[in-house]
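Colleague: I have the sequence and the model open and would like to go through some local features. Please take them one at a time.

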Amino acid sequence: MKKQNDPAIEQDKVPFIERLVFGNRLLVVLIFTALTVYFGFHMMKLRPVASFERMIPVYHEFIKNAYNHSDDLKGLANTVRVVVETTEDDIFTKDYMLTLRDIHDAVFFVNGVDRQNLQSLWASAVRYTEVTEEGFEGGTVMPNKFDGSPEALNELRNNIFRSGRIGSLIANDFKSTAIIAPLYGLDPQTSEPLDYQEFSHNLETQVREKFQSDTIKIHVVGFAKIVGDLIDGATRVGLFFLAAFLILLGLLWYNSKCWRSTLIRAVSSIVAVVWQMGLFQLLGYGLNPYSMLVPFLMFALGVSHGIQMFNAIVQQLVNGHGKLMAVRRAYRQVYLPGLSALFTDGIGFSLLFIIAIGVIRDIAIGATLGVAIVALCDLCLLPVLMSYAGISSKAVHKIVNRDDKENLFWTLIAKVTKRPYAIGVILSALLLFVGASYVRTDLKIGDLDAGAPELRADSRYNLDNDYIINNYSTSSDLLVVMVETPEDKCTDYETLINMERLQWKLQNTPGVQSTESMANFIKNYLAGMSEGSLKMWSIPRDETFLRYASIKGLYENWVTQKCNFAPINVYLTDHKAETLERVVEVVREFSSEVSTDEVRFLLAAGNSGIDAATNIEVEKANTLITWVVYLVVITVCFVTFRDLRAAICIVFPLYITSVLCEALMTKLGIGIKVATLPVIAVGVGIGIDYGIYIYNKLKYYLDLGFDVHRAYAETLKTTGRAVFFTGVTLGVGVATWVFSPIKFQADMGILLMFMFVWNMVGALLVLPALAVFLCKSTDVKTDTDTDTDEIDAKFLLVKESMKN
Amino acid sequence: MWSDKTDDMGNWVWLPRTGGKLKACMLLVIMLAFCTNVWAFEDPMESTAINSSLASNSLLLDITFSGDRIIAVGEMGHIIYSDDNGQSWQQADVPVRVLLTSVVFPGGGQAGWAAGHAGIVLFSSDAGKTWVKQLDGRQVNQILVDAYKTAVSEKKDHLGSASKEERGRLQAELEELEFQLSDAMGFAEEGPSRALFDICFRNELEGYAVGPFGMIIQTLDGGKTWTSEAPSIDNPDASHFMAITFIDNTLFLAGEKGFISRSFDGGKSWERLETPYNGTFFGLTGDASGIMLVGLRGNAVVSFDRGKSWSTVKTEQKTTMSSAMIISDGRILVSQYAKSLMVSNNARTRLSALSWVAGKSVSSFVLGHDGSLITVGVGGVTRIIDPDFSAKVN
């Protein structure tokens with residue numbers, strides 16, 4: 001703490017930055033206004049995006065393999081499934097079929113649908129085939145000139161049985177049928193990438209709203225729909241921001257009882273958010289559902305630092321300084337600790353950059369930038385505005401009086417530095433720590449919920465998905481093993497037999513529902529060619545036949561035009577991490593056994609392939625980020641205090657909170673996933689601020705010769721309150737996310753809120769309790785009972801010197 | 001890296017000091033181990049079947065009894081057996097991984113044979129628990145080439161000593177046989193690509209197996225040696241043979257394009273028969289009071305005079321039928337590539353569908369000794385505890 005005289009007199013001792021800011025107050029306001037308008041303009045152009053590539057570890061081998069073969073994986077085309085359900089007995093009624101035709105036509109005209117490949121009972125491409133004495137015979141499943149008569153319906157029923165499409169196009173219970181719409185990657189009207197949000201809205205208005213009735217229910221699933229719903233959900237985050245803004249405004253007012261300063265602090269924080277978002281847009285980023293967190297954090301950070309500035313100003317006003325002088329003196333008092341705290345936050349955020357997943361890097365860049373902007377706003381704009389506005393004397397009066405009223409609460413907290421209480425606190429912390437360590441052994445990797453885990457289990461999408469999974473024989477969890485061969489070798493006997501063997505191994509792996517590949521196609525085709533005899537359901541050794549079959553397999557995308565690639569589709573019962581691990585392990589082992597330089601069995605495409613890669617990388621990244629964060633935090637502590645005891649006092653409560661957070665994740669059924677990666681880094685990065693503030697002040701008083709209890713009681717009077725309020729502010733800032741329709745946003749909200757608040761609790765209770773045993777007053781005269789008066793006197797002296 | 005680890009005798013020290021032969025063997029084994037990248041392919045003809053609890057859910061094609069034990073065969077060399085009328089199944093040790101199509105234990109004894117793709121014939125002497133390979137497709141090809149070679153040379157001898165009137169006919173027959181010989185040699189060149197579709201044994205010595213393009217082989221010593229009488233069968237279209245069985249001491253052979261033939265002398269001479277249907281027959285059963293052939297798309301024919309004349313059986317469904325068997329009251333039970341079975345009337349002139357589900361797509365079936373019905377097909381074994389064979393009368 002500086003012990004200087006009046007700054008107005010000793011100009012040369014006034015920090016340069018203070019002179020710069022306060023010497024050009026009007027200019028500061030003008031520059032900030034201009035830049036805010038500029039960034040605000042760009043912020044308006046910021047669009048919500050849900051780019052899939054940015055949510056996955058694109059650098060992982062599996063995903064690289066899948067991208068290399070994206071052209072070969074036509075069977076995985078981006079499709080949307082519209083399922084039309086009747087609430088009546090079954091689908092074999094005239095009304096249903098005619099409505100289905102209208103819906104088929106409506107889907108046909110939705111922009112983005114690959115109309116030629118649209119499939120439904122009303123599509124001419126949907127046919128049945130039958131083996132006869134003369135060979136194959138077939139026709140469209142929907143009888144020609146369907147008139148809804150009982151005969152026509154009967155013929156339709158027979159054709160459906162012969163088509164073999166029950167379970168894929170027609171529900172197993174005959175209460176619904178599907179319209180399968182492949183999508184173009186590029187919008188056929190604009191040649192731009194298809195806008196999934198618009199597509200999703202079109203489906204809702206042109207299909208669902210139009211045809212849903214008492215007897216007809218419409219279910220829609222598909223990747224495009226997930227993305228559309230995700231963007232829709234993300235757009236609602238704007239509302240959460242408004243809610244967070246209002247709550248924080250209320251908190252500010254409650255704390256200050258002064259509208260003027262409340263508004264100024266809110267405005268200053270909002271300016272920081274506007275800058276950050278504007279700059280983000282200028283750098284070419286969109287707002288993805290993950291990086292949307294950044295504005296919330298920035299706003300809360302801005303507000304919490306504003307509070308410390310406010311408290312300092314009040315202190316100076318109480319001491320009888322004028323408006324401007326009070327702000328300047330307060331500024332001098334808080335700018336260094338504030339800056340260093342923001343600096344450590346910035347380090348915490350920027351550490352996230354070591355995770356090479358797009359959305360996490362977006363958070364890292366956005367938040368690091370944001371911290372710099374918050375620092376700029378807190379250092380320049382806020383003090384200048386406060387120096388104009390000041391704080392109403394009524395509010396100052398109230399605050400001074402309230403200090404007395406609240407003393408009881410703080411006195412209670414200060415008791416943790418009494419030995420018995422300290423022991424109690426430490427024992428409870430250890431108990432929690434041990435309990436949580438036990439609970440978190442069950443912590444899972446990856447998404448645990450069925451369907452689209454990005455969305456909530458009771459979201460419309462997931463309800464639709466449930467319906468389809470329950471009534472059709474399709475699984476929404478698909479992992480594709482890619483088989484690479486030299487040209488024209490995709491149907492070599494050896495390769496097909498290896499595929500068949502791998503499929504059998506996989507089918508014997510728990511969690512695998514079924515597998516499908518060129519090997520199955522050939523067996524079916526040979527049996528079909530052999531009058532349907534099951535005795536021919538085998539991969540033939542006849543090379544001529546195999547070559548011929550490769551041409552047939554091309555139509556069903558089981559091989560490629562060049563016959564150098566064949567996918568194996570592995571349908572899974574779920575996408576739990578254990579299931580994916582098992583499947584990956586089986587394929588890896590098999591691949592290392594049979595793959596040669598020419599024929600390679602590669603992992604892995606399909607949504608589950610991506611999930612598997614993401615799980616592997618997320619697990620690694622989680623371990624890495626935890627180590628790095630704690631390494632950095634310990635280093636920062638050590639550099640700041642050059643004392644191992646300080647590091648223990650500060651880091652141990654943080655670590656308990658991290659473990660508690662993982663226990664909470666286990667209990668809430670949240671697995672380690674992309675969305676939870678930032679939680680530890682951000683939580684710990686901000687949490688260490690609390691510890692540093694408190695320990696700093698505590699050490700200051702200890703160095704003055706106070707015993708731990710008194711030192712801490714004094715610490716609580718100023719810094720303790722600020723830390724308490726900062727924790728609450730940050731917690732509230734992210735709390736509104738809990739209500740997000742996007743599951744992972746809600747998860748992030750809960751976990752970050754937990755981290756912010758518990759780190760605060762840890763810093764206020766556990767840190768001082770540890771200090772009781774680890775830190776000793778430097779003064780010999782620490783016996784509180786005998787020397788109270790003397791110390792009180794000394795304390796008052798110190799207090800006076802601080803004020804000056 | 002290892003070459004420098006030699007002792008003063010110039011021997012590689014990481015190998016034990018043993019005789020030269022053993023050392024060479026060990027080296028070979030080690031070299032092979034390093035060559036797995038190249039040699040990893042496991043040929044279904046040479047590789048043992050994979051043990052799996054899912055074997056009883058895989059595609060199974062045929063099922064039979066050996067004493068009280070039920071044995072079923074199917075894809076990837078799966079052979080499973082049950083000693084509790086199909087309630088629980090064990091998997092047998094099988095030296096191949098090909099699709100097995102047929103299994104037989106003559107007289108329900110301990111010795112049995114199974115046949116399948118790649119010309120595989122397996123033999124078991126312990127009621128189906130363990131199996132050894134008796135024959136594979138390469139040998140089958142050679143047997144057929146030899147049979148046609150013999151037939152050609154016999155025909156040539158015959159031609160040399162024949163009278164003028166006979167010469168024209170014999171010349172044509174010789175040309176036909178030479179053509180078939182070149183066909184057989186073509187198959188031999190192609191490799192073991194032909195399957196065996198059905199196998200039957202009259203007793204533990206005399207047995208027959210049939211396959212595509214008029215292939216038939218036979219043994220009189222329990223499968224130790226095999227020969228072929230294919231050249232003596234009148235089969236100019238090279239129709240596939242799908243089923244062969246003894247009925248009332250007469251050997252019946254059925255197949256593609258309405259083919260049906262019988263032999264009274266254990267396959268030495270064959271008599272071609274005519275039926276009203278020209279499609280493929282997959283199944284064949286009967287006794288002294290009537291023989292039924294079942295085939296494609298609901299087509300079945302019946303004969304009440306040991307095959308001399310045939311009449312069409314009226315069938316309720318138009319699904320392809322896979323096998324047929326006489327049940328205790330003399331009616332014939334027929335499996336089809338559908339969920340249900342069909343049953344004949346007492347006169348064996350009509351087939352009606354049974355209303356209950358007997359499997360996904362049934363290939364074959366047996367009646368358990370506890371009265372249950374055990375079917376095999378797509379999706380493996382299905383067991384119906386108390387089957388009701390009373391068809392609706394219509």
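Colleague: How many residues of chain B are in contact with chain A?
Modeller: This is a predicted model, in which local features need pLDDT of at least 70 and side-chain atom pairs count only at pLDDT 80 or more, while totals for chains, interfaces and linings use all residues. Residues are numbered from 1 along each chain as its sequence is written, with chains lettered from A and ligands numbered from 1 in the order in which they are written. Contact is taken as C-beta atoms, placed from the backbone, within 7 Å. On the chain A side there are 22 residues, and on the chain B side the number is 33.

Colleague: Which helix of chain B gives the largest share of the side that touches chain A?
Modeller: Helices (H or I, at least four residues) and strands (E, at least two) are DSSP runs, numbered from the N terminus. The largest share of that side is three residues, and they come from helix H2 (residues 36-39) of chain B.

Colleague: Is B:Asp248 buried or exposed?
Modeller: B:Asp248 lies in the loop between strand S12 (241-247) and strand S13 (250-255) of chain B, and its phi is near 55 degrees, a positive value in a residue other than glycine. A residue is buried with 20 or more other C-beta atoms within 10 Å of its own, exposed with 12 or fewer, and partly exposed in between, C-beta atoms being placed from the backbone. Because B:Asp248 has 11 C-beta neighbours inside 10 Å, it counts as exposed.

Colleague: Which residue does a cis peptide bond join to A:Leu603?
Modeller: The bond has an omega of about -15 degrees.

Colleague: How is H15(A) placed relative to H25(A)?
Modeller: The axes of helix H15 (residues 419-439) and helix H25 (residues 743-774) of chain A come within 9 Å and cross at roughly 120 degrees. Axes are lines fitted to C-alpha atoms, for helices over the stretch in contact, with angles from 0 to 180 degrees between N-to-C directions. Angles under 35 degrees count as roughly parallel, over 145 as roughly antiparallel, 65 to 115 as roughly perpendicular and the rest as oblique. H15(A) is therefore, relative to H25(A), oblique.

Terms used:
Contact = placed C-beta atoms within 7 Å.
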